[in-house]
Amino acid sequence: MTDLRYPIGKFNFAGELSSPVRARLIEQIAEAPTKLRAAVAGLSAAQLDTPYRPGGWTVRQLVHHVPESHMNAYIRFKLALTEAEPLIKPYREDLWAQLPDVRDTPIELSLSLLDSLHRRWVIVLSGIEAAAWARTFRHPELGVMTLDHTLALYAWHGRHHVAHITALRQRMGDAWS
């Protein structure tokens, strides 16, 4: 049986990225908002409130989580590009997912936020010079992270959560038609 937590597999980083691989990952980040929007298209409120797996977040929580997470990533990139190994602040995504803005905000606000955020982020990413991809920030729990590693992680992150939703839709099949 497939692990429903990791529909595209766990994140794996092999090391420094080549320029063509970076370009492909930046394209995945550029495509993430459209893919997330397509994944939730036509879902009812009840479907949005369905967990993607037993004990997992609802589709609604996933939709709000992605821009929250990616905003943090965007800021981490900017900090690493402008400071010497800045210490970043992690956040409790599990608790953020329980806040009223996740429960009560229409998903369109987060989908629109993701559109705008990713447009800005792709501009930053596309302008990073080759040597700057080795710049770092320090995560209190994960240690020192390069921009290469962070790019690969967040390209995976967007695909990962879209796959949570598309896999749920496939499993639900006709029950959701």
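Contact here means heavy atoms within 4.5 Å. The model is a predicted one, in which local features need pLDDT of at least 70 and side-chain atom pairs count only at pLDDT 80 or more, while totals for chains, interfaces and linings use all residues. Residues are numbered from 1 along each chain as its sequence is written, and side-chain values use heavy atoms, with hydrogens and water left out.

View 1. Asp148 is found in helix H7; helices are DSSP runs of H or I with at least four residues, strands are E runs of at least two, and both are numbered from the N terminus. Leaving aside residues up to four places away in sequence, Asp148 touches Phe13, Glu16, Leu17, Arg22 and Trp133. Asp148 has a relative accessible area of 4% and is therefore buried (buried means under 20% relative accessible area, exposed over 50%, partly exposed in between, with a 1.4 Å probe and protein chains only).

**View 2. The aromatic pair Trp121 and Tyr154.** Rings of Phe, Tyr and Trp (its six-membered ring) pair if their centres lie within 6.5 Å; planes under 30 degrees apart count as stacked, over 60 as edge-to-face and the rest as tilted. Five aromatic pairs are counted by this rule. In one of them, the ring centres of Trp121 and Tyr154 lie 6.1 Å apart with planes at 65°, so this pair is edge-to-face. Trp121 belongs to helix H6 (residues 107–126) and Tyr154 to helix H7 (residues 147–172), so the pair ties together parts that are 33 residues apart in sequence. Both Trp121 and Tyr154 are buried.

View 3. Trp121 and Tyr154 form one aromatic cluster with Phe77 and Trp133.

**View 4. The protein chain behind the close-ups.** The protein chain holds seven helices and two strands, in the order α-α-α-α-α-α-β-β-α from the N terminus. Its radius of gyration (taken over C-alpha atoms) is 17 Å, close to the 16 Å given for 177 residues by the globule rule, so the chain is as compact as a globular protein of that length. That rule is 2.2 Å times the number of residues to the power 0.38. The C-alpha trace spans about 50 × 35 × 30 Å along its principal axes. Of the 177 residues, 45% are buried. Among contacts between residues at least 6 apart in sequence, 78% join residues at least 24 apart.
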